[in-house]
Amino acid sequence: MIKDAVSPLEPRYEDLAGDGFGRKARRHFLATRPKFLTASVLPVLVGTAWGATVAGGLELGVAVLALLATALVHCASNVINDVGDDITGTDRDNVDYIHPYTGGSRFITNGIMSVQEMHRWGWILIGMASVLGLILALLKGPIVIALGLAGIAIAWLYSAPAVQLSGKGVGEFFLMIAFGVLPVCGAAWLQSGVFDLGSLLIAIPVGIWVMLILWINEVPDRKADAANGKLTLVVRLGLDRARLGYRLLHFAAFASIVALVAMGSLPWWTAAGAAALLAGGFKAAAGIGEQVTRAVLTRSIEMTIGLQAVGSILLFVAAIFSH
């Protein structure tokens, strides 16, 4: 059903307009969608805990720099995504979005910031993240630059209209790398100097849980995405197979954690927590379907976000008691 007016939950021009420094700062801050930074902050914390346990000590300054740099790249990717979806028309044509979870920040569509302002802001954020990355490279070596460039490349290519990985049926998996493998393994390496099977296995569920947030967020946006050539996996698979895929990904996350427990790398109670998360994921999958109401889908989206947070905290605590 087409909305007759902007939802009270959405950002409005009249609430954020103004040329004062405070107003501009608030606009730019909210345009990054800061409420969802847990998707990047928690993976870094998991990797830091794992690496610090391996190393037998924590380098706090390095951890803080990694956390800030990763969060800035995440902010940049959110802003760049809004720009890409405005250029392709996806956000403008989307009448089924569920704010604030899907349909972008609405900053461009509601006239709060222009495409040019958002584009410029995205590159400023990347520049800020790059400065922190260079400081880390001076402290830890050139591998940091390779990890940072990989993250920035995914952030840009995911949404850039010329490439738009998000519409090629592979964007979801690149997101799993960007929010799982890179931040977890990278943060672990910064602390321990080691890339190993354990850090990869603990990165997999973290990345999958973030990927699943995107997966279920694609459900209400699927018609606008399809109409504008953004062929996400949900568009390609259809809702029935998307629901099956959602469940299989939750099972893959569970299997990775069980493998770590079986290896003796995580305490036994981590598997019990993972089983509870798997049950929650199967319950949340009920929100994906043709006959599902908007309210049920919204609850499933919120549950998916909650599962990512709870799961990451579980692994953070477990990593402290690992090995």
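Visitor: How many residues apart are R243 and D240 in helix α11?

Guide: An α-helix has 3.6 residues a turn, so residues three or four places apart point the same way. R243 and D240 are three residues apart in α11, about one turn of the helix. Helices here are DSSP runs of H or I with at least four residues, numbered from the N terminus.

Visitor: What do the side chains of R243 and D240 form?

Guide: Side chains of opposite charge can pair when their charged atoms come close. R243 and D240 meet in a salt bridge, at 3.2 Å from N to O. The term requires a side-chain nitrogen of Lys or Arg within 4 Å of a carboxyl oxygen of Asp or Glu. D240 is exposed, at 54% relative accessibility. Exposed means over 50% relative accessible area, buried under 20%, and partly exposed in between, with a 1.4 Å probe and protein chains only. Elsewhere, shared partners join R12, E14 and D15 into one salt-bridge network.

Visitor: What should I know about the source before going on?

Guide: This is a predicted model, in which local features need pLDDT of at least 70, side-chain atom pairs count only at pLDDT 80 or more, and totals for chains, interfaces and linings use all residues. Residues are numbered from 1 along each chain as its sequence is written, and side-chain values use heavy atoms, leaving out hydrogens and water.

Visitor: Which residues does V62 touch?

Guide: Contact means heavy atoms within 4.5 Å. V62 lies in α4, residues 60-88. Leaving aside residues up to four places away in sequence, V62 touches L136, L139, K140, L190 and Q191. V62 is buried, at 6% relative accessibility.

Visitor: How many disulfides does a search find?

Guide: The test is a pair of cysteine sulfur atoms within 2.5 Å. The whole structure has zero. C75 is buried at 8%, and C185 is buried at 8%.

Visitor: Which residues form the nonpolar patch on the surface?

Guide: Patch residues have over 30% relative accessible area and no salt bridge; nonpolar side chains (Val, Leu, Ile, Met, Phe, Trp, Tyr) are joined within 5 Å, like charges within 9 Å. Here W268, W269, I313, V317, I320 and F321 form the patch, with about 640 Å² of accessible area together. Areas come from the Shrake-Rupley method with a 1.4 Å probe; for residues, only the protein chains shown count as cover. Helix α13, residues 294-320, gives the largest share, three residues. W268 sits in the loop between α11 and α12 and is exposed at 66%.

Note on methods. Helix = DSSP H or I, 4+ residues; strand = E, 2+ residues; numbered from the N terminus.
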